[in-house]
Amino acid sequence: MSDNCVFCRIAAGELPTTLLHTSPNTVAFRDLNPQAPTHVLVIPKRHHTDVAALATADPALAGEVLATAATVAQAEGLGANGFRLIFNTGRYAGQEVFHVHAHVVGGAPLGPMLVR
Ligand code: 5GP
Ligand code: ZN
């Protein structure tokens, strides 16, 4: 737990958020600034900086994050038409919050994977 990490504070229940799903080790909540009709963030409760650090330190927990993302996508009705799962990692990817999080986005056609 890092006191100045916003997602650690959400995981600890210290900040208000729209909680969608919790498991013993993960939390899913709506993004504050949605970029698609459905935009959910999935985090491990334990702090890891990014998906590379998480996968190295705790691959089982990385799997739990993916499983929660799939559960949430299904619960949000994204199963039929599909969705995108994004882990921004580091500066070139524009990562803003350095507590690993999966973006689950969908609910409409999402266009090309990358802006050209
Ligand atoms: P990144 O660019 O790091 O991949 O994405 C960070 C995401 O976290 C952004 O989409 C931003 O809207 C979201 N975000 C930042 N602070 C908060 C917060 O306090 N609550 C919620 N629900 N989302 C947040
Ligand atoms: Zn954190």
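1. Is Leu85 buried, partly exposed or exposed? This is a predicted model. In it, Leu85 has 34% relative accessibility, so it counts as partly exposed. Leu85 belongs to strand E4. Together with Leu66 and Phe83, Leu85 makes a nonpolar surface patch of about 240 Å².

2. Next, the largest pocket. Its space comes to about 910 Å³. The lining has 32 residues, and Asp31, Asn33, Gln35, His39 and His103 lie nearest the centre. By class, 18 lining residues are nonpolar, ten are polar and four are charged.

3. Several elements build that lining. Helix H1 (6–11) and strands E2 (26–30), E3 (38–44), E4 (83–86) and E5 (102–106) each supply at least two residues. H1 gives the most, with three.

4. Now the salt bridges. The whole structure has three. In one of them, Arg9 pairs with Glu14, with 3.3 Å between the closest N and O atoms. Glu14 counts as partly exposed because its relative accessibility is 46%. Arg9, at 30%, also counts as partly exposed.

5. Arg30 and Glu76 form a salt bridge, with the closest N and O atoms 3.0 Å apart. This pair links distant parts of the chain: Arg30 sits in strand E2, Glu76 in the loop between helix H3 (59–75) and E4, 46 residues apart. Arg30 is partly exposed at 33% relative accessibility. Glu76 is partly exposed at 25%.

6. Arg46 and Asp58 meet in a salt bridge at 3.9 Å, N to O. Arg46 is in the loop between E3 and helix H2 (51–57), and Asp58 is in the loop between H2 and H3, so the pair ties together parts twelve residues apart in sequence. Arg46 counts as exposed at 53% relative accessibility, whereas Asp58 is partly exposed at 21%.

Technical notes: Residues are numbered from 1 along each chain as its sequence is written. Chains are lettered from A and ligands numbered from 1 in the order in which they are written. This is a predicted model: local features need pLDDT of at least 70, side-chain atom pairs count only at pLDDT 80 or more; totals for chains, interfaces and linings use all residues. Side-chain values use heavy atoms; hydrogens and water are left out. On a 1 Å grid over the protein atoms alone, a cavity is a set of points where a 1.4 Å probe fits but cannot get out, and a pocket is an open set with protein on both sides within 12 Å along at least five of seven lines; lining residues have an atom within 4 Å of a point. Grid points are joined across faces, edges and corners, and a volume is the space filled by probe spheres set on the points. Helices (H or I, at least four residues) and strands (E, at least two) are DSSP runs, numbered from the N terminus. Ala, Val, Leu, Ile, Met, Phe, Trp, Tyr, Cys and Pro count as nonpolar, Asp, Glu, Lys and Arg as charged, and the others, Gly among them, as polar. Patches are made of residues with over 30% relative accessible area and no salt bridge: like charges are joined within 9 Å, nonpolar side chains (Val, Leu, Ile, Met, Phe, Trp, Tyr) within 5 Å. Accessible areas come from the Shrake-Rupley method with a 1.4 Å probe; for residues, only the protein chains shown count as cover. A salt bridge is a side-chain nitrogen of Lys or Arg within 4 Å of a carboxyl oxygen of Asp or Glu. Buried means under 20% relative accessible area, exposed over 50%, partly exposed in between (1.4 Å probe, protein chains only).
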